[in-house]
Amino acid sequence: MRISEESSSFSSPFVVVSSQRRTMGQSTSSHSFVIMLFLNITVLAFFATEASRRCVVKGSNIPPPPEPEPITITELPLPPVTSNDAVGGCTFDVNPHGTGCIGQALTQFQSGAFLSDGLHVTVTVNFTGAPIAPDPASIFTGVQLILVKTDGSIFSNGDAWKCITCGVPEENTIGRSLTMDYPQTFVDGKRLLAGTNIIECTSNLIDAACTPNQVHIYPIRWNTTTNATGPGGNIRELRLHPDNVHVGFNSFTIINGKIGQYGYMGRLQFNPFPTWGTPLSPRYDLVNVYRLYDPEALQPITVDRDNRSLLHINPQSVVVGELRGFSGTGREITYIGFPAESSNIDVFAADLTTGKVRRLTSHPEYVDPVDISPDDQWTVVMDTRGSGRQMFMAGMRGIPPLTDIVSSSATSSTRNNGPRRFFQPYLIDYYGDRGAYFGRKINAAGDGSPGSINDPEWNGMADPKWSPDGTRIVYWQSHTVPPSCGGINPLVCYNSTEPGGRNYRMMLAHLISRTPLQPKVIEPISDVVPWGVKYEPGSSIPVLVYPPVGNYVLLGNHFGWAKVTLINNNAGTMIGTVSVVYHDFCDDGLNVLTGSEEVSMNAPSSTVTQIDWFSDLIKTGPNNSTKITSPDGFHLSIDVLINIFDANGTLTATVNDIAYYQPANGT
């Protein structure tokens with residue numbers, strides 16, 4: 001299972017947890033940037049060379065990579081910052097308009113989608129320092145949803161932002177959820193999706209007539225019981241389908257004492273007078289829900305039907321561990337699934353009708369925040385590529401995803417250092433990473449100085465979003481703060497240069513050479529996902545299907561073979577150890593893999609994964625590489641919710657004489 005970006009999210013029945021890369025110590029921010037830039041160039045240059053040699057792209061129908069295009073970056077305005085979070089701390093000296101203040105620290109903030117006019121962006125903020133009632137400014141308190149102008153204009157209140165949920169009467173919010181993450185927009189201009197709520201105004205959201213009394217906040221409920229009682233099932237990381245009728249969502253599981261997750265899709269149905277379940281107030285119900293995993297369908301790793309000693313790896317298997325969204329036209333669903341290469345966490349797209357899988361990324365670093373352009377031709381991701389963060393695990397390319405049966409949770413969880421992400425925004429065309437092309441870093445320009453658009457201490461967060469016309473991308477970043485900098489960490493700490501010293505900012509990338517796309521109406525899709533499973537309330541949660549324990553052979557696509565041994569954990573409830581010995585194994589016709597690897601997993605709690613890793617792999621060919629643990633092995637313990645790297649022993653990947661080391665503990 002994997003846990004996703006902003007809300008310690010889990011993405012799959014495989015788990016992802018995070019940590020940080022070991023680098024040289026820095027004494028100044030500029031020194032830090034120079035070192036980071038050198039490492040970025042080294043990492044990306046190597047993989048450009050390797051990918052071209054390994055024939056990553058096959059087939060004559062794939063065009064050459066796109067030429068670089070001009071991109072400019074601007075920053076979008078936010079409410080004033082107060083340094084005093086106490087009641088009354090937001091004074092008229094700070095905000096003369098009396099329309100609220102936000103704090104310096106990153107508590108609750110997230111940029112969201114554009115409105116259909118392309119001139120406004122939804123944003124979740126945390127207002128602080130409001131005066132007590134009956135002061136009119138008392139409504140600007142707590143986590144709220146605002147709209148922000150993107151064209152430099154202002155609302156009738158004189159601000160470049162307008163709060164939509166501030167001051168909404170309690171009778172208009174019965175049963176609402178307090179979560180307001182991942183704000184998204186309906187094309188009607190009257191509704192928003194945030195958290196597990198739908199916010200609706202009687203008039204257009206941007207109009208002055210859309211006042212607090214005209215706004216309702218309706219909860220979303222998923223019925224999971226046979227008698228339709230209670231509040232319904234837990235749902236998280238909701239994504240609105242472009243047809244504005246369906247939503248995708250995720251739900252946690254606990255199976256064999258370990259946390260997991262599946263993705264789902266259902267239809268939104270307004271229920272003005274519910275007579276069952278809670279809350280018994282107007283709400284949206286999720287109906288005709290499909291689980292986006294079928295244990296009876298093709299699995300990622302299967303046993304041959306005729307020869308029960310042979311294993312097959314199936315790239316077209318669809319296992320939606322964490323749903324991440326939909327393509328711009330709504331034909332595909334995007335998700336994190338079972339890895340295509342060992343220790344390499346990528347994002348995939350699957351056709352909602354046929355189930356055909358498309359691998360959107362293939363760089364060995366980690367990715368999960370993703371958005372596909374309105375015409376499906378481009379993908380924007382937040383990716384750790386270029387940081388070297390996870391190269392010690394994934395730097396050796398083309399290893400079959402066998403040990404991932406037990407290691408995916410730990411592998412994915414090393415992507416963060418506690419609250420610090422290592423993400424930066426990248427633009428990739430429809431055909432994905434290939435040859436020397438690993439996308440375009442959107443914020444590559446700049447001098448790396450504190451506060452610049454490519455300052456390495458400003459980290460990308462989830463989710464970036466396309467404008468409706470495909471010419472702009474909004475994204476947001478957080479500033480690295482202690483304990484993720486300073487002390488044992490390789491980054492020095494410095495104060496934010498943002499207004500009021502806030503540690504978060506919202507950026508707008510302008511693709512200035514592009515012709516605006518014409519808006520298209522997306523007709524409602526079918527409720528049915530043919531490759532999914534219709535969810536029946538009260539039904540049991542399936543377990544991921546892997547081959548039974550035993551000894552197997554995996555044949556290379558070109559030649560050679562691997563001996564694979566699957567061993568149960570001590571409790572006999574699940575596979576606990578995967579052991580692989582490679583004998584001149586070749587999948588790509590160029591590089592030959594030999595050596596052995598064994599990984600064992602233990603789960604002392606539902607969120608903590610302990611890994612014992614022994615690796616002695618050698619790959620020869622156009623790209624010589626090794627993946628080697630210290631003699632006593634590599635032993636990692638990591639919590640998927642906290643993401644602090646804690647290991648004994650070492651795991652090192654060396655590729656063409658470039659060594660990639662694990663992060664230091666706690667960094």
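Is Trp-613 buried or exposed? In this predicted model, Trp-613 is buried, with a relative accessible area of 1% (buried means under 20%, exposed over 50%, partly exposed in between, with a 1.4 Å probe and protein chains only). Residues are numbered from 1 along each chain as its sequence is written. Because the model is predicted, local features need pLDDT of at least 70, side-chain atom pairs count only at pLDDT 80 or more, and totals for chains, interfaces and linings use all residues, while side-chain values use heavy atoms, without hydrogens and water.

A search of the whole structure finds 21 aromatic pairs (ring centres of Phe, Tyr and Trp, the last by its six-membered ring, within 6.5 Å; planes under 30 degrees apart are stacked, over 60 edge-to-face, the rest tilted). In one of them, the rings of Phe-392 and Phe-645 have centres 6.0 Å apart and planes at 85°, so this pair is edge-to-face. The two residues lie 253 residues apart, Phe-392 in helix α2 and Phe-645 in the loop between β35 and β36 (helices, H or I, of at least four residues and strands, E, of at least two are DSSP runs numbered from the N terminus). Phe-392 is buried at 0% relative accessible area, and Phe-645 is buried at 1%.

Trp-613 pairs with Phe-634: the centres are 6.4 Å apart and the planes at 70°, so this pair is edge-to-face. It links strand β33, which holds Trp-613, to strand β35, which holds Phe-634. Phe-634 is buried, with 0% relative accessibility.

Ring pairs also join Trp-222, Phe-249, Tyr-264 and Tyr-535 into a cluster.
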